[in-house]
Amino acid sequence: MVDGLLITLAAFAGSFVESVEALTIVLAVGLTRGWRAPLEGAVAAIVVLALLCAALGSLLLGRIPERGLKGVVGVAILLFGARWLRKAVLRGAGVIPLHDEEQEYRDTVMALSRSGRGPGRDWRSFSIAFNGTFIEGVEVVFIVVAVGGSGGRLVLAAIGGIAAMVVVAALGFALRHPLARVPENLLKLSVGVMLTSLGTFWALEGMGYSWPFDAGSIVVLAALFSAMSAAAIVALRRTPQVPA
Amino acid sequence: MSRVTGALRAVVKETAGLLVDDWRLAGGVVIVLGVGWWAVSRGAAGATGYVVALAIAVVLAGVAIMDGRARARADARLHSKPGGRIPDRDP
């Protein structure tokens with residue numbers, strides 16, 4: 001129950017953050033050069049990502065012994081989550097800049113407005129939308145397959161990932177503006193904590209360790225990683241800064 | 001053949017990049033897991049998992065703090081040079 005909820009939440013939040021970044025690119029292309037080519041590019045990328053997800057999912061499920069799968073995937077999720085968490089801590093402490101969707105949008109619009117458009121299909125718009133959606137989506141596929149595959153809950157993870165994409169697409173369609181007010185770093189911090197907790201849980205289970213409270217231990221791990229991340233942010237904020 | 005090798009190399013590099021972008025962090029986590037594995041294989045039970053998790057959290061926080069302080073020192077060095085430019089930084 002607890003791990004099922006965490007799996008869905010991790011897939012939803014991870015997919016939400018990456019979908020917001022992809023939406024910014026598609027919106028910038030669509031509002032600057034027309035909608036047909038970028039929408040086709042984004043849909044093509046989503047189809048390729050779905051095929052990738054299905055192929056990787058079927059490769060993992062049923063073909064590799066459960067314990068070995070948990071060990072390998074657990075370590076992979078742990079490394080992936082720790083990478084997200086480290087960056088979120090640095091952003092939270094103000095050491096590296098927060099991701100700015102408005103700036104990303106303006107940069108893409110400026111780059112597009114400098115290049116001319118020839119007759120026929122707008123391949124430049126198609127490829128920018130395809131690349132943007134595909135690159136952001138690869139991390140979503142990794143999260144969905146890793147958290148869903150090793151816990152045998154691929155459907156739950158896929159539902160979480162797809163639901164986030166639908167919500168972001170609907171918001172983008174309604175607002176016609178980048179979702180700059182989404183608390184992106186908080187979401188990334190949460191996804192980092194969830195992935196690191198799930199990864200630690202599965203990695204140790206894969207080694208043959210039995211957690212004292214079974215899946216309930218994931219909540220304890222999440223509390224531990226949240227507390228340590230908060231402590232790191234506080235410690236970094238106290239580091240003397242360069243005067244402006 | 002070289003194209004296929006190049007494409008495969010790119011895929012491996014991209015995948016590795018998803019997992020590792022700081023060798024101190026990845027190395028620290030793998031070492032802690034290795035010690036955990038050694039302990040579990042020798043029959044360790046009870047709170048061993050939480051001790052391993054705590055060690056991973058300490059590695060994570062330590063690497064982030066070291067990284068942040070190194071960036072602050074680099075900023076300070078840039079600031080002290082004549083004409084040195086301070087990179088943009090959000091508060």
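Me: Taking contact to mean heavy atoms within 4.5 Å, which residues is Phe80(A) in contact with, leaving aside its neighbours within four places in sequence?
Reply: The model is a predicted one. Within chain A, Phe80(A) is in contact with Glu139(A), Phe142(A), Ile143(A) and Leu195(A). From chain B, the residues in contact with Phe80(A) are Leu18(B) and Leu19(B).

Me: How many residues does the largest nonpolar core have?
Reply: Phe80(A), Val147(A), Leu195(A), Leu33(B) and Ile56(B) are the residues with the most contacts inside this core. H3(A) gives the most to it, with 13 residues. A second, separate core has ten residues, Val20(A), Leu27(A), Val168(A) and Leu179(A) among them. For the largest core, the number of residues is 75.

Me: What is the area buried between chain A and chain B?
Reply: The size of an interface is often given as the accessible area lost when the parts come together. Here the contact takes 44 residues from chain A and 43 residues from chain B. Carbon and sulfur atoms give 75% of the buried area, which is about 3600 Å².

Me: Which residue forms a salt bridge with Asp22(B)?
Reply: Across the interface of chain A and chain B there are two salt bridges. A salt bridge needs a side-chain nitrogen of Lys or Arg within 4 Å of a carboxyl oxygen of Asp or Glu. For Asp22(B) the closest N and O atoms are 3.4 Å apart, and the partner is Arg86(A).

Me: Which helix supplies the largest share of the side of chain A that touches chain B?
Reply: Four helices of chain A each supply at least two residues of that side: H3 (66-92), H5 (123-150), H7 (184-206) and H8 (217-237). By class, this side of chain A has 33 nonpolar, seven polar and four charged residues. The largest share, twelve residues, comes from H3(A).

Me: What is the phi of Asp214(A)?
Reply: Most residues other than glycine have a negative phi. Asp214(A) lies in the loop between H7 and H8 of chain A. Although Asp214(A) is not a glycine, its phi is positive, at about 55°.

Me: Is Ser113(A) buried or exposed?
Reply: Ser113(A) lies in helix H4 of chain A, residues 101-114. A residue counts as exposed when its relative accessible area is over 50%. Because its relative accessible area is 52%, Ser113(A) is exposed.

Me: How many Å apart in space are Ser113(A) and Ala44(A), C-alpha to C-alpha?
Reply: In sequence, Ser113(A) and Ala44(A) are 69 residues apart. In space, C-alpha to C-alpha, the distance between Ser113(A) and Ala44(A) is 24 Å.

Terms used
Residues numbered from 1 in each chain as written. Chains lettered and ligands numbered in written order. Predicted model: local features only at pLDDT ≥ 70, side-chain atom pairs only at ≥ 80, totals over all residues. Heavy atoms only, no water. Contact = heavy atoms within 4.5 Å. Buried area = accessible area lost by both parts, 1.4 Å probe. Nonpolar A, V, L, I, M, F, W, Y, C, P; charged D, E, K, R; others polar. Core = buried A, V, L, I, M, F, W, Y, C linked by side-chain atoms within 4.5 Å. Buried < 20%, exposed > 50% of the residue type's maximum accessible area, 1.4 Å probe, protein only.
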